[in-house]
Structure formats: structure tokens, C-alpha cells
Amino acid sequence: MTSPDGSTSLLIRPRPAPAAANLEFAAVLAVLLVTGWVANHFVALMPSISDRHHLSTATLDAIFGIYAVGLLPGLLIGGRASDALGRRAVALAGSATAVVGTVAMLLSQQPEVLLAGRLIVGIGVGLAMTSGTAWASDLKGPAGAATAGAVLIAGFAIGPFAGGLIAGTGDVGIRVSFAVAAAL
């Protein structure tokens, strides 16, 4: 950058982002916060669901672990899909997919439904995580990606905390926790 006196300055001031870009960035962060919430709120529900349905340790482990099986393809294809189809489209498709799995678990806490629901949530979360983080990076550069990661982790923490508080109200709390996650 050249100053009026002809000298060169190494200081480059970033231009302020337009209000629309800031609003879009806030929306991306909201999607990532809720994605983290939906991904992990189930953890706090596991003891109550296990007690209610007399699930074995092996069944609980399978229900817990199948999420990662779904997460992997979501993570592997989410970034490339968002390069080809657009960040917004893939992030919203991932969020919608996670809602489908969450609604299935809201409607039934039978082991087969919980397995399918957790698998579907994993796929959706993987898609939303990768495309949402890339979207945040597109909007704000490396700082946007770092902020997106921090917000996603906050969702991972808030989800089980809130889910535990809600589930602590009794059997109806399990359904309410799923309903809150789906509504978000």
C-alpha cells in the first residue's frame, strides 16, 4: 500500500464487512451451534432411555457408536459436496437430515429407531459441520473457520447439559429434549 507521500506501508487494513455478510456469518454460527447441540444432546438421555427400555450395555454402545458411522461419510463428502453444490445448500441439507433423525427418535425410543436415528443424525451433522465451517471460512477467512469451530464445540457442550436438565424432569423430559433439539 502506498501512502500519499510515496512511501510503502506494510499495514493493510481489512475492509469492514457489509451488514449482510455479518448477518450471514451469524446465521452460519447459529447453524453450527445447533448442529453441535443436536449431535450430543442424546448422550445425556442415554441413562434415562436405558432405564426406561431396559437396554443392555451392548445395545447402548451400538446406539452411541453408530453416530460415528454416520458422521464419517458426512465428513468425507460434505466439503466436496459444498464445493460443487454450494455451502448453504449442503449445510441446510445436513441440518434437515439431522432433524429427520432427531424426529424419528422423538417419535420412538425403541432400539431399532434409536440406531437408525443416530445414524441419520451422524450423516447430517457431518454434512453440516464440514460445509458450515467452510462457509464460515469463505465469509471471514481463517478467523471465521476458527470461530465456527469454537461455536460448534460450544454446541457439543450445551446440548448434553441442556438435554440432561430437560431429561431430569422424568419420562416426558426425554421427548421434550428431542423436541427441543428438533425445533432448534
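Contact, in this briefing, means heavy atoms within 4.5 Å. By that criterion, and leaving aside its neighbours within four places in sequence, Thr147 is in contact with Phe25 and Leu29. The structure is a predicted model, in which local features need pLDDT of at least 70 and side-chain atom pairs count only at pLDDT 80 or more, whereas totals for chains, interfaces and linings use all residues. Residues are numbered from 1 along each chain as its sequence is written, and side-chain values use heavy atoms, with hydrogens and water left out.

- Thr147 is located in helix H4; helices here are DSSP runs (H or I, at least four residues), numbered from the N terminus.
- The relative accessibility of Thr147 is 32%, so this residue counts as partly exposed; buried means under 20% relative accessible area, exposed over 50%, and partly exposed in between, with a 1.4 Å probe and protein chains only.
- Between the C-alpha atoms of Thr147 and Ser95 there is a separation of 19 Å, and the two residues are 52 residues apart along the chain.

**Salt bridges**

- Side chains of opposite charge can pair when their charged atoms come close.
- A salt bridge is defined as a side-chain nitrogen of Lys or Arg within 4 Å of a carboxyl oxygen of Asp or Glu, and the count by this rule is three salt bridges.
- Glu24 forms a salt bridge with Arg88, and their closest N and O atoms are 3.7 Å apart.
- This pair links distant parts of the chain, 64 residues apart, with Glu24 in helix H1 (residues 19-53) and Arg88 in helix H3 (residues 87-107).
- Glu24 is partly exposed at 25% relative accessibility, and Arg88 is also partly exposed, with a relative accessible area of 48%.
- Arg87 forms a salt bridge with Asp83, where the closest N and O atoms are 2.5 Å apart.
- Arg87 counts as buried at 18% relative accessibility, whereas Asp83 is exposed, with a relative accessible area of 57%.
- Arg87 forms a salt bridge with Asp138 as well, the closest N and O atoms being 2.8 Å apart.
- Distant parts of the chain, 51 residues apart, are linked by this pair: Arg87 belongs to helix H3 and Asp138 to helix H4 (residues 111-167).
- A network of salt bridges therefore joins Asp83, Arg87 and Asp138.

**Packing of H1 and H3**

- The axes of H1 and H3 are 11 Å apart and meet at an angle of about 30°; axes are lines fitted to C-alpha atoms, for helices over the stretch in contact, and angles run from 0 to 180 degrees between N-to-C directions.
- H1 is therefore roughly parallel to H3, a term for angles under 35 degrees.
- On the H1 side, the contact is made by Glu24, Val31, Thr35, Val38, His41 and Phe42, and on the H3 side by Arg88, Ser95, Ala98, Thr102 and Met105.

- Most residues other than glycine have a negative phi.
- His54 has a positive phi of about 55° although it is not a glycine.
- His54 lies in the loop between H1 and helix H2 (57-85), and it counts as exposed at 71% relative accessibility.

How values were computed: Helices (H or I, at least four residues) and strands (E, at least two) are DSSP runs, numbered from the N terminus. Angles under 35 degrees count as roughly parallel, over 145 as roughly antiparallel, 65 to 115 as roughly perpendicular and the rest as oblique.
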